[in-house]
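Let us read one model together, feature by feature. Keep the structure open as we go.

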2 protein chains.
Amino acid sequence: MLIPPHGGALVDLRLTPDDVASARENAQKMPRIRLDRKEIDDLEMLATGVYSPLRGFMGQSDFFSVLERMRLKDDTVWPLPVTLRATAEEIDHIGTSDRIALENETGTILAVMELHERFLAERSSTARAIYGTDDPAHPGVQTLMSEGDFCLGGSLQVLDLPARKRFLPYRLEPSDTRREFEKRGWSRVVGFQTRNPLHHAHEYIQKCALEEVDGLILQPIVDDPKPDDVPAAVRMKTYEAIFAHYYPPEHSMISIFPEFMQYAGPREAVFHALCRKNYGCSHFIVGRDHAGVGNYYGPYDAQRIFSRFEPNEIGIIPIFFEVAFYCRRCENMATLKTCPHKAEDHVLYSGTQIRTMLRAGEPPPREFTRPEVAEILIEAYRTL
Amino acid sequence: MLIPPHGGALVDLRLTPDDVASARENAQKMPRIRLDRKEIDDLEMLATGVYSPLRGFMGQSDFFSVLERMRLKDDTVWPLPVTLRATAEEIDHIGTSDRIALENETGTILAVMELHERFLAERSSTARAIYGTDDPAHPGVQTLMSEGDFCLGGSLQVLDLPARKRFLPYRLEPSDTRREFEKRGWSRVVGFQTRNPLHHAHEYIQKCALEEVDGLILQPIVDDPKPDDVPAAVRMKTYEAIFAHYYPPEHSMISIFPEFMQYAGPREAVFHALCRKNYGCSHFIVGRDHAGVGNYYGPYDAQRIFSRFEPNEIGIIPIFFEVAFYCRRCENMATLKTCPHKAEDHVLYSGTQIRTMLRAGEPPPREFTRPEVAEILIEAYRTL
């Protein structure tokens, strides 16, 4: 028996194939709003139930309830707003229409929105509520600042999912992963979120968690939001390599988490957990500075935030880990919770140090990275 | 906040020091029953609340309810009988007395029992219910067969705990471990039961579990019940050595589980878990063939049995592990759940193989045992 989706039922906002043609014709007459990259991702996740129980972009009362208390107005835990933002010009353009068409960057209509509300949701105060900062250097703030000051709230009828060209075999919806888990006989599944190549530290944490459940699902983000991230195509090769060599296929799988990363730290950790619950995960790994960036959040804020909710309000069980390292005295991977030795015995490198090695064509030490992963990264850095 | 004891409150059956002297004087006139080694251990565990909510040796309705459905007559989960057994001669000796004195092997009165019931609890059928066998080669059956066919049920007033000479610093009662956990700020604590030296496989399982909680308590059994077991004094040295070198004291501790091992497999796994709940553990590790012996139980029976109860009836969370090994291709510890490689890559020895190496003065491979542990075992085998 898999965990039930958040709110009880998996949402699917797509029209049946029979209804799409007429809906598309009707939509031609509606005012259009062009979705930005984040909204495209949100649309897909709304449509396929990753955001269950949400059925559209948030209205005013949900929006402010989420900002203030990390709950929808009906008290369901939900830590991040999911908004369709618009500028004053777009609001003018919509006029008095109560239905609008949402299009992608090439003008294809993806969805029709029953427009229930238009409201002002000033960006700086929104940023401070979500990210704890309105510093434009914060990548989440940066995205928000590129959008309008108004929000359009309403329910969605989805005609078409955003076209995806890359990583198609890994694009599983919540209904797909749930079916796959059931097929494999997994009832306890741990989800792992990443936007980085997997080093030993990640593998250790994943496998510690896997030892106590039936299966592991690695869910990388593939929308590369930060220029210094390793590109998704390279990362995917490293995931494939490490899975092929070191993960038993009966107990592990990869699928994409099609999120536009927000770097909202603690709030995004809860958000990541709830989305994984919809994918069918019973457990979710929350590491040090989960979904963090720079020094905006304390290293354990994203773990502590879970204590603000009753376990049954979240449903999925968060598993908290510290930073893992290879210890030369233990002769194995460990954390400060399981290793009594001093820092000088620990093999631990920063992302910057690893990038410097890779750029110099130097493989990171075997105690840090699997050779199969190092090889792909070195080759990628050579040609980048 | 620590987990509440089983049944809600920690039992303590000891008289206050003021009352002991008069109770001892009164007890002089009562018929006496001499406790065997198992009953001595049970008395201590009853007295100190390890068996909360039990307040004495079981009466007939609890006894048969436990045998048939692993519950006390009030439905509380309890998988093993806790009995004071008597022969027909002892029943005669007691006569019509409703209070009896329980003495140790030197004649010291440890407790007074308010005798509520005397009942026949035929040993062979009892053995089959508890152990699934009445084979006299089974060590639990063997103990039972050395006792009488009758049981004496009643509540206890404990005058004195059994005198213990060895391992005194490690003899912590449930109230002691709970105080210690609180002092250390642990609220999630995993318990580990053992009657063997710790090899890498045990350390790996313990540390996997520890990564997800606050603390680990190693609770060895020290009543050496089987002749081929490594003697408790030697084992304790190995525990001290491995803890000193490889376990952070802020997250780990040792205390004795003063049980007379029963080898009841699945039932004893649940029993071990419930006792650990009384010590304050939130989690308990159940390995392959937990509390098993020979081939009397299936390798995962002791894990599967937990699914017969609702999680809230047990309270403590069982964590299930497979057999761990060092994998030469993974270059780390793993189980079949986390390693995809073949058996020939796995460093795995039987107890017999390890004993043969140790007897020959040969240290087991570094991938199997910590050198500090190997050294103590070799020295012990040399002098045994």
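The dialogue below goes from the overall fold of one chain to its interface with another.

Q: What kind of model is this?
A: This is a predicted model.

Q: How many helices and strands are there in chain A?
A: Start with the count of elements. Chain A holds 14 helices and 14 strands.

Q: What share of the residues in chain A is buried?
A: Buried here means under 20% relative accessible area. By that cut-off, 59% of the 384 residues in chain A are buried.

Q: How should I read sequence separation in the contacts of chain A?
A: Take contacts between residues at least 6 apart in sequence. In chain A, 72% of these join residues at least 24 apart.

Q: What does the surface of chain A consist of, and where do the charges lie?
A: The accessible surface comes to about 15,700 Å², with 50% on carbon and sulfur atoms. Chain A carries 45 positive and 56 negative side chains. The centres of these two sets lie 2 Å apart.

Q: How many residues are in contact between chain B and chain A?
A: Count both sides, then the area. 31 residues of chain B contact 31 residues of chain A. The two chains bury about 2,600 Å² between them, 46% of it on carbon and sulfur atoms.

Q: Which residues of chain B lose the most area to chain A?
A: They are B:E211, B:E212 and B:K337. Together they account for 30% of what the chain B side buries.

Conventions
Residues numbered from 1 in each chain as written. Chains lettered and ligands numbered in written order. Predicted model: local features only at pLDDT ≥ 70, side-chain atom pairs only at ≥ 80, totals over all residues. Heavy atoms only, no water. Helix = DSSP H or I, 4+ residues; strand = E, 2+ residues; numbered from the N terminus. Buried < 20%, exposed > 50% of the residue type's maximum accessible area, 1.4 Å probe, protein only. Contact = heavy atoms within 4.5 Å. Areas by Shrake-Rupley, 256 points an atom, 1.4 Å probe, with all protein chains shown as cover. Lys, Arg positive; Asp, Glu negative; His and termini not counted. Charge placed at Lys NZ, Arg CZ, Asp CG, Glu CD. Buried area = accessible area lost by both parts, 1.4 Å probe.
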